[in-house]
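Please keep the sequence and the structure in view while reading.

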Amino acid sequence: MAAIMNVELGSLSTFDCNEEASSVGPRWKRWKTAFEYFVMGRGIANPGQKKALLLHYAGMDLQDLFATLPAAPPLVPSLPGTDGEEAGVNDEFQVALRMLDTYFAPRVNVPFERHVFRQMRQEYDDTVAQFVFKLKKQALNCDFGNTSEEQIRDRVVDSCKSSHLKRKLLQRGADLTLNVL
């Protein structure tokens, strides 16, 4: 059994699972990534400790929600004489994450996320690279499939702030790809 580490707790904002239902799925992904970096940076490896910290930092609303969720089935069937934890997918932390992911994943409102994507404009102080980065980040929630690069390219052409750049991009025609931008 792995030893439990005594860790100095740092700051990580709680996760508001009640705010803006249309964006809770993407916000959960972002918060979960921040939490995973947090425990990695703190050197926490014990699954029980990671689960406890997850629920602590996520906040009381998420704790209440978590208590009502159905248990997640094992991802990998256990082999005789094991409990599946060797692969790290059935430890209590990974099971808790799967339970929360299952709950929050369907809450991505794709039409809303695409609306946000289509409303995005290059800000006055954004470079093209910064604008493309923002579009790529938003496109992750839009379920564009294999047309994501084209959608981003077209959004840059439609809403870049420089009319000169827009003309140059449109002149490229079929050769215009995201890599060219």
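## Basis

Contact, or touching, means heavy atoms within 4.5 Å. The model is predicted, and local features need pLDDT of at least 70, side-chain atom pairs count only at pLDDT 80 or more, and totals for chains, interfaces and linings use all residues. Residues are numbered from 1 along each chain as its sequence is written, and side-chain values use heavy atoms, with hydrogens and water left out.

## A buried glutamine

Q138 lies in helix α6, helices being DSSP runs of H or I with at least four residues, numbered from the N terminus. Q138 is buried at a relative accessible area of 12%, where buried means under 20% with a 1.4 Å probe and protein chains only. Leaving aside residues up to four places away in sequence, Q138 touches E113, V116, F117 and M120.

## Nonpolar cores

A nonpolar core is a set of buried Ala, Val, Leu, Ile, Met, Phe, Trp, Tyr and Cys residues joined through side-chain atoms within 4.5 Å. The largest has 26 residues, of which W28, W31, F35, L54, L62, L100 and F104 touch the most other members. At least two residues of this core come from each of α1, α2 (47-58), α3 (60-68) and α4 (92-104), and the largest share, 7 residues, from α4. A second, separate core of 14 residues includes F117, F131, V156 and V157.

Conventions
Buried < 20%, exposed > 50% of the residue type's maximum accessible area, 1.4 Å probe, protein only.
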